[in-house]
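Open the model in your viewer and keep the selection tool at hand. The stops below go from one residue to the next.

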Amino acid sequence: MRLWIPFLIIAFFAMSQLSFASYSVTNVSTQVTLNQNTSASVREIVTIGLTNSSINSYITDRSALNLTLSNWQAIIGPTLTQHIINPKSGVHKFELLPGPVTTTITGGHIAQIIMLYSVYNVTDVVETAPRVFFYTFNDSVFNFQHELSGEALPPNTQLTINLPHGAKITSIFPIPDSPANLVISNYTNSTSLSWFNQEPLSKFALSFTIRQSLQAEVLQFFSGVYNALGVFTYIIIGLVVLIFILYTYLKVDK
């Protein structure tokens, strides 16, 4: 019996620590910034509420080095996850930043855990006219909870999509909660769209066009050439400039 006493003490201490560490997710904000190259930069802010007895446990966990997403999921719960993810390529450049404990105006305690990452192929794009590109959002990247009617935003969750510069919306469903417009045409010049808690996403649709300027087209051309030829691009440009100078000089000399 005496041999069991140390083990019982350790087990009791561990259970007491678990019972005192209490966290609750109070809000999730998922911000998706679409890029013209069909990728997206994602910033997720997960706000958690802490009890007085769990503050020290959170501070200890926050101070620990090299805690992974799976480690924090074991601490906070499965709500702490990437909500935008390509099933084929996953996420890239992932960062997890647990914030400090702050006190609310009501005397409660909260902390925010920020996740930053990039996702490829969030949109599909086709060129429909010279320098005019048509984008459609790929809703398979959504990783929110599933209801009976399909995927939907959980309670206290906000999804925000920031459009690329120059985007003109052609179709959107469901109608965003913000900005509060009743006619789709009114969203033509909108740059940021938001949907709030429990909005259904099973039939989500978003498409827009971008008219590329002539300058951007030229820059994109040379960028493509550089990606294909590398440093030889500068050599070729240098030779073209040199030939042009020699041609001009010889023509004037005559």
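Start with the largest nonpolar core, which has 43 residues. Ile161 and Leu206 are the residues with the most contacts inside this core. Keep in mind throughout that this is a predicted model.

Select Ile161 and show its surroundings. Which residues does Ile161 touch, leaving out those up to four places away in sequence? They are Val32, Leu34, Phe137, Thr191, Ser192, Leu193, Trp195, Phe204 and Leu206.

Next, go to strand E10, residues 157–162, and select Thr157. Is Thr157 buried or exposed? Its relative accessible area is 6%, which is under the 20% cut-off, so Thr157 counts as buried. Display its side chain and look for the backbone oxygen of Pro154: the side chain of Thr157 reaches that oxygen at 3.3 Å. Beyond four places in sequence, Thr157 touches Val28, Phe144, Trp195, Phe196 and Asn197.

Now move to strand E11, which covers residues 167–173, and pick Ile172. With a relative accessible area of 4%, Ile172 is buried. Ile172 and Leu206 are 34 residues apart in sequence, yet their C-alpha atoms are 4.5 Å apart.

Follow the chain into the loop between E11 and strand E12 (192–195), where Pro174 lies. Select Phe173 and Pro174 together: the peptide bond from Phe173 to Pro174 is cis, with omega near -5°. Pro179 is also in the loop between E11 and E12. What kind of peptide bond joins Ser178 and Pro179? This bond is cis, and its omega is about 0°.

The last two stops concern the backbone angle phi. Select Lys93 in strand E3, residues 92–98. Lys93 is not a glycine, but its phi is positive, at about 55°. Lys93 has a relative accessible area of 68%; the cut-off for exposed is over 50%, so Lys93 is exposed.

Finish at Arg131, in the loop between strand E6 (123–129) and strand E7 (132–137). Arg131 is another residue other than glycine with a positive phi, here near 65°. How accessible is Arg131? Its relative accessibility is 27%, which lies between the 20% and 50% limits, so Arg131 counts as partly exposed.

Methods
Residues numbered from 1 in each chain as written. Predicted model: local features only at pLDDT ≥ 70, side-chain atom pairs only at ≥ 80, totals over all residues. Heavy atoms only, no water. Helix = DSSP H or I, 4+ residues; strand = E, 2+ residues; numbered from the N terminus. Buried < 20%, exposed > 50% of the residue type's maximum accessible area, 1.4 Å probe, protein only. Polar contact = N/O pair within 3.5 Å; in protein donor to acceptor, adjacent residues only side chain to side chain. Contact = heavy atoms within 4.5 Å. Core = buried A, V, L, I, M, F, W, Y, C linked by side-chain atoms within 4.5 Å.
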